Each structure stands twice: as C-alpha cells, then as structure tokens.
Amino acid sequence: MVSQEMRNTRDGYAAALLELGEKDPRIVVLDADLAKSTQTEKFKLRFPERFVDCGVAEQNLMATAAGLAATDKIVFASTFAIFATGRAYDQVRNTIAYSNLNVKICASHGGITVGEDGSSHQALEDIALMRAIPRMKVVVPADYYETREAVKALAYMEGPAYVRMGRPKVPVLFDDDYRYEFGKALVIRPGRDLTVLACGFMVHQALQAAEELAAEGIEAEVIDLHTIKPLDRKGILESASRTGKVVTCEEHSVLGGMGGAVAELLGEEMPLPIRMVGIRDSFGTSGTVDELVEHFGLDSRHIAEVVRGLCG
Amino acid sequence: MVIPVRRLEGVVLKEAEERELRNNLEKTAREVRWDIVRMIGLARSGHPGGSLSCADILVCLYFHALNHDPKKPDWRYRDRFVLSKGHAAPALYAVLAKCGYFDREELWHLRRLGSMLQGHPDSLKTPGVEISTGSLGQGLAAACGIALGLRMEDNPARVYALVGDGESQEGGIWEAAMLAGHHCLDNLTAILDNNGMQIDGSCCEVVSLGDMTAKWSAFGWDVKEVDGHDVLDICQALEGAVSASRPRMIIAHTVKGKGVSFMENNVDFHGKAPTPEEMEKALKEIERS
C-alpha cells in the first residue's frame, strides 16, 4: 500500500538547507520573491546574512548565483521551475554551467500540479531544457525524504545541478533512514512482466498502478528514476532486459524529458517496446490538481491502462 | 612579474610621478593594442572595435588599480575583474598575457581549435578569467554575486566589471544595477565602455541609451565620467571608487577602434577582422604612435 502520510517535497528541501547551513558557512541561498513558496524562507529566518532575495528578476538570480559560487560559496538558487529553467535559461547555460559553478538550482512548482495558476506557471519542458545543458545534473525526487537527502548529496558534488520539486503534498515513500544514492535507478517494487520508470510526483502513481495490476496478475517492476542525468544506464538496461517492456511516467512533456532520456538509451542499446506517460506536446491549463492529473492522463488508472495495452 | 599596487587615494602625485605613471600606462596600452590587432588579424575573426576602445581601461585596471598576483590566480584576497562585454576578449587576453597569467605566444592561437583563448572568455580554459562571459548582460550580475560573496566573508577585495554601451540594452544590466544599488555594494565598480557604437550602427540610431549618468544615479550608483583614453583620468576614477559608499559607475567616453585610424568610429570593425594588409598597416600605425 502506498503510504497515507502526505508531505511536501519543498519541506524536505528546506530541512536540508537548514541542516547544511548549520554545518557549513559556505552555504548561501538565493530566491526571487518566492521564498514563502519555495520554502527558502526557513533558511532566510535562520541565516539572514547568507540569504539574498533578488526580487522578481530570475535572470539576475541565476547570474548573481554564479558570481557567488565564483567566491567558493555553495549556492542554492530557488524560484518556480518555469522561471528557473525557461526565463533564465541563458544565464543557467552560459554563466553557471559553462563556468561549471557550484549552483544548485532547486525549483519548486514543477509540472502540471501547479494547478489553478494555469499554463504560464506550469513547467512542462524544464527537464528537457536542463538535461540538454552539458555538466548539468538533473534530479526529480519523489517524496520529502528523497528530496532532503538528494539536496544534501548534491551540495557536495562539483558543478551545477537542477532539482525539480512540485507544489502538492505527495505520499511519503521513504523514511528518516533513507540513504539516497545519486545516479541510481532505484527499484522500489520488483516485478517480472515489465519495467515502469517514474520520477517525482509520478512515482506514487506508478506504485498505485502496480498494485492494481498485481491483482490482475501483471507484475510491474517500479523504478524510482530520481536521477535523470546522469542516467543509470546499467540499472535501466538490467531491468529492461529482464522484463522486455518499458513504460515511463513523468509529469512533464514526453518530448525530451525523462521518457525521452530512457528512449534514447533503449533505442541505442536495447530496442524494445516502450510507452510514455506524460503530457503529449501541449500547454497546461487551469484546474485542481486531481482534475488536471486525470485530464492529462497522469493518474494511476491511466498508467495501468497503458501497461495493459503493452502487455496485452 | 611584480605588479605595483599604487593607490592614488588621498595622495597628490608629484608632477614627475604623474608623468611617469602616464608614460608607463600609455606605453603598455600601445603594446596591448598592437597585440589585439595582431591576434585578431591572425585569427581572421574577432571584435577589434570594442577591444581597442577598452584597451586603456583594462591597462589601468591590471597595471594600476587591481590588487592581484598572476602567479596565484586563485589568491583569496585578489581583486576580481569581470568582462561583461565578453566580445572584447582580445583586450583582456592581451593584458592577462602581459601580466604573466600565460605565455604571450598563446595570443597567436586565438579562436583556434584547442586554444586556451576562446572567442569569448572561458574561465575553465584561461588563467585569470574569473567567470565565463559572452552572452551579453550577465557579467555585471555575476560581479554583483562576487561582491556579495566577498562581503559575506569580510573579504576586503574589490570587484570590477566592464560593461558595453550596446550591452546596456540588455535588461539584465538594469536588474543587476538595481540589486547592487539596493545592497549598496561599495566593493563593486563598473566601467561603461561608452564608444557609442554597436553592430547595426550607432547606439543612438539603434536604441538610444539616453542619459546614462542620470540612469545610473537613479539606480543608487555613484557616477563619475572620464575620458576613457586618458589613463590618469581613469586611474583617479578607479581610486575614488575605493572610498565611495555606493557602487561606482565610471562612464568612460571612448572611441570605437581607438588607435587605428581606419578603425576609429568605423562600425564595420565591430566584429570584423582586418585583412592581412590592413593588419600590417594598423600595426605600423600603432608602432609609430
């Protein structure tokens, strides 16, 4: 059973920042007038001298973060995913990544689950954008604990990274003792019939789908693919070679995202049937989280249908 | 190579000292111009106009104002320089080589495959380059970040950034201006290479910059105007910035292509290399000057 306890991934981020900030004076946090939303405000209140609010200026946020990192700080730059990756793309590419600076872009409100604010605030291309930048690591954690541990791990990995978090609370999948392993395709439910790769908000949906399918005799192996770049080629190929079929699930466009990354790998190394659950080349729209998840076919019921189609 | 750290602040230089300083800096600037023209000529591509317009400014920075040690490019207490107008890389490379950050021979490989000297500054490839620039409108913000970082660690080092006038059409310059003004970043000095021209024509024709002194003042900066080819004028403005309680903007009035008659105020040489014949002509002209 998927846990009933719900928590925000953003809170995991804030917890990691406090822990890191306590131990290491090099930790600096920047935001762009969204500290209350991204939860960086907790760091701001504890360490005001190491927090900079750049105002409503996301491009400036990223270039300023680069400069801070050039003075040997470990910089966390936060805003909504749409602004961090879209509006400030050039700053992220040319000033942060090209200089290989220690800026960890930790963006909240990624994906369709932004909800009512609608398309202008729903980042559906951010993983594709960040994944295409050389030197950029891309992590999409699934729950509170995975976010907390991933952020702590990334703080001490050289170079830039992108962490995508969502707006809604999601079921807690791990616990306080969870040992995060960067770059690992984590099998969270073993199965023999097919491999379901999911990231972020879609991990618990995939687990629910797997439970549904098990009742019908279909055993899906569910992998939490928290690290999208670098991709765990070995781990994915190992599972896919056992099951022979793959479904990817992401709260993102199917163009260039996690599904795209997996398809590139399989296409080159192990061509086999693959289906992608995600947004089909469209903008988002306003609605409640539940409505949108169903509308765009991101719910467990739709995942189960896709799996049946592939296995049938 | 030892870089003398000379502070003019509060000191009235004797006439003889002044003359010596002027002669030294002007001689260095001539040599730097010669190198700029030759490296772009040999590369057969690059931006001579904006490199020549800022040559005197860069010489005053690296041979007078900056506290730095080419033998220790990572020295924690070094003053930092960010070339926000990254296309003037040849000027920066010529000055860095002259300081001893790398061998002058490298200059003749500018823009070639495998060269440490990229078309625009790359901090991972070139010793002395603090941060990669080239996409306009970002270097000043990076300089703000450096200024904030130094302030957080009580590091007395200063940050300097060179901004282009055409570059000032980028909104990012004004986002950075606002942030620096808000935080009273008194350890930051920006210099505007106000040569009045950009690729498509004069800045006035393309998109007017208006009253830059009023604009920067309105953003909370301490603004000073100088003749961008008068080395003493530049040095004094740089020194004054040390005691300013706000970020300082030095508006340096310059001439695009300065030092080569047929390049001066000639927009065609913004991003076009001289032909081999033009290069020889330009080098001779600089030697005679």
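This is a predicted model: local features need pLDDT of at least 70, side-chain atom pairs count only at pLDDT 80 or more; totals for chains, interfaces and linings use all residues.
## Overall fold of chain B

Chain B is built from ten helices and seven strands. Its radius of gyration comes out at 18 Å, close to the 19 Å that the globule rule gives for 289 residues, so chain B is as compact as a globular protein of that length.

Buried residues account for 52% of the 289 residues in chain B. Now take the contacts in this chain between residues at least 6 apart in sequence: 77% of them join residues at least 24 apart.

For chain B the average pLDDT is 95, and 96% of the residues score at least 70. Residues 1-6 of chain B are another matter, with pLDDT below 50. Beyond near neighbours in sequence, that stretch has eight contacts in the model.

## Where α3 meets α4

One helix pair to look at in chain B is α3 (residues 55-65) and α4 (residues 89-99), whose axes come within 10 Å and cross at roughly 30°. The crossing of α3(B) and α4(B) is right-handed.

Which residues make the contact? From α3(B) they are Ala55(B), Leu58(B), Val59(B) and Tyr62(B), and from α4(B) they are Ala91(B), Leu92(B), Val95(B) and Cys99(B). Sorted by class, the contact of α3(B) with α4(B) has eight nonpolar residues, with no polar and no charged ones.

Notes:
Residues are numbered from 1 along each chain as its sequence is written. Chains are lettered from A and ligands numbered from 1 in the order in which they are written. pLDDT is the predictor's confidence in each residue, from 0 to 100. Two residues are in contact if their C-beta atoms, placed from the backbone, lie within 7 Å. Helices (H or I, at least four residues) and strands (E, at least two) are DSSP runs, numbered from the N terminus. The radius of gyration is taken over C-alpha atoms; the globule rule is 2.2 Å times the number of residues to the power 0.38. A residue is buried if 20 or more other C-beta atoms lie within 10 Å of its own, exposed if 12 or fewer, and partly exposed in between; C-beta atoms are placed from the backbone. Axes are lines fitted to C-alpha atoms, for helices over the stretch in contact, and angles run from 0 to 180 degrees between N-to-C directions. A crossing is left-handed if the near helix is turned anticlockwise from the far one by less than a right angle, and right-handed if clockwise. Ala, Val, Leu, Ile, Met, Phe, Trp, Tyr, Cys and Pro count as nonpolar, Asp, Glu, Lys and Arg as charged, and the others, Gly among them, as polar.
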